[in-house]
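Please find below a colleague's note on the structure under review.

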Amino acid sequence: MDMRPRSHPTWIAFLVHRVSGLLLALFLPLHFWALGTAIQGEARLEGFIRWADNPLVKAAETILVVLLAAHLAGGLRVMALEFLGWRRRQKDMVAASAGLALLAGLLFLLNVV
Amino acid sequence: MAEAASLKVSVWRGGADGGFARYEVPARANQTVLDVVTHIQREIDPSLAYRFACRVGMCGSCAMTVNGRARWTCRTHVRKVVDADGALELRPLANLPVIRDLAADLAPFFDKWQRAKGSFQPKDAPDGAVPEEFAVVPPGSKARREADAGIECIGCAVCYASCDVVAWNPDYLGPAAMNRAWTLVNDVRDGARAERLEAVAGDAGCHSCHSTQSCTERCPKNLDPSSAIAGLKRTLFWDTLLGRR
C-alpha cells in the first residue's frame with residue numbers, strides 16, 4: 001500500500017481506531033477465559049491473578065489500557081463529527097484523543113504497576 | 001527544493017497494465033506540474049495523452065496523481081511537490097479506469113453523481129420548469145450555510161481518487177457525489193429530499209464512510225466532503241429514528 005497519500009492525522013487516527021478495535025476483539029476471549037477460571041474455584045483464579053503480577057503481563061496490561069482509551073477517545077471523536085457536526089479543528093481533536101489515550105496509560109502505570 | 005537544473009519525471013504510459021517512462025524536463029521558476037506535462041507533450045513526445053482545459057483551477061479536468069497524491073496539476077507548483085533530486089512521478093487518477101497515459105475515464109465518477117440524485121429537482125415546478133417566483137433563501141440560515149459550504153465543487157475527482165472506501169468497494173458513491181447530495185438536501189427549494197436520502201443510504205452510500213477524511217485533506221477547493229457525508233449520516237439517523245422516512 002502506498003502510504004504517501006495516507007499520512008494525514010485523521011487517516012492515522014482511523015488506522016489506530018481500526019487496529020485497536022481488532023486487538024481488543026482478540027483480547028476479549030482471553031478476558032472471558034480469565035474470568036471463567038473463577039468457576040473452577042477461588043484458588044485457580046487467585047493463581048492466575050498472582051501469575052498476572054509479573055512485569056511482562058503488567059506491561060501488556062498497560063498497552064491494553066492505552067488501546068482501550070485510544071479506541072474510546074477515537075470513537076468519541078468520530079461520533080462528535082457525525083452526530084454533532086464538529087467539523088473544525090479535526091487535527092486538534094485527533095491530538096486530544098491521542099493525548100487522552102496516553103494519559104490513561106500513564107495513570108494506569110502510576111497507580112497500578 | 002534544492003534548485004535542480006532539470007526535473008526527472010516518471011510518467012505513466014499506456015493503459016492499466018502500462019508502465020513508467022522517464023523524461024528529463026528543464027526546471028523553471030514558478031513551474032506548475034501541468035507545465036511539465038505540457039512540455040513533455042510539446043517538446044519530447046507528442047503521443048502523450050493527458051487532459052486539461054482552463055489552466056486556472058476552475059474546470060477540474062487536469063487532476064493526476066503527483067508523487068502518490070491526487071492533485072490539480074494546473075495549480076500545483078513543482079517546487080512544492082518535488083524532492084531535492086528533482087524527481088516527479090505522475091500517474092493517472094486512482095480508482096478510475098485508465099484510458100491512456102495520464103487520462104483517466106471519469107464516467108464512473110459522474111455516473112455516481114446521477115446515482116446519488118445529484119441534480120436539482122425544483123419543489124415548486126416538478127416538471128422542471130422555472131418557478132414563477134424567486135425563492136427567498138436567507139444567506140445566514142443554517143441550511144443555506146450548509147449548502148454554501150459544499151457548492152464550489154469543480155468535479156475534479158481528486159477526492160474520489162483519494163478515497164480508500166472507493167478502492168475497497170467500487171460501488172461506493174464517493175465523496176463528491178455525496179457532497180453534492182448534501183448541498184441539495186440543504187437546498188430549501190429542492191423537492192427530492194426523500195429520494196435523495198434513500199439513494200445515499202445503504203452499503204454503497206454514506207454509512208460506509210470511515211471518516212479517514214482523505215477527501216477533505218486533498219480537496220483543492222478546501223471543501224469538506226467528509227463532513228457532508230457525516231451530515232447525511234446524521235440526517236438519515238434521526239429521520240429513521242423518528243420515523244420520518
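The points below concern a predicted model and take up the nonpolar cores, the contact between the chains, and one cysteine.

1. The largest nonpolar core has 66 residues, of which A157(B), M178(B) and L232(B) touch the most other members. Helix α7 of chain B, residues 175–185, supplies the largest share of this core, namely seven residues. Both domain 1 (6–104) and domain 2 (107–241) of chain B contribute at least three residues each.

2. Beyond four places in sequence, A157(B) is in contact with A63(B), L93(B), L96(B), L106(B), F109(B) and A176(B).

3. How many residues does each chain bring to the contact between chains A and B? Chain A gives 14 residues and chain B gives 16. On the chain A side, the elements giving two or more residues are α1 (9–36) and α3 (55–84). The most comes from α3(A), with four residues. By class, this side of chain A comprises six nonpolar, four polar and four charged residues.

4. C59(B) sits in the loop of chain B between α1 (33–44) and β3 (63–66). Neighbours within four places in sequence aside, C59(B) is in contact with A53(B), C54(B) and I154(B). The C-alpha atoms of C59(B) and I229(B) are 24 Å apart in space, with a separation of 170 residues in sequence.

Terms used: Residues are numbered from 1 along each chain as its sequence is written. Chains are lettered from A and ligands numbered from 1 in the order in which they are written. This is a predicted model: local features need pLDDT of at least 70, side-chain atom pairs count only at pLDDT 80 or more; totals for chains, interfaces and linings use all residues. Two residues are in contact if their C-beta atoms, placed from the backbone, lie within 7 Å. Ala, Val, Leu, Ile, Met, Phe, Trp, Tyr, Cys and Pro count as nonpolar, Asp, Glu, Lys and Arg as charged, and the others, Gly among them, as polar. A nonpolar core is a set of buried Ala, Val, Leu, Ile, Met, Phe, Trp, Tyr and Cys residues joined through C-beta atoms within 7 Å. A residue is buried if 20 or more other C-beta atoms lie within 10 Å of its own, exposed if 12 or fewer, and partly exposed in between; C-beta atoms are placed from the backbone. Domain bounds come from an automatic or database domain assignment.
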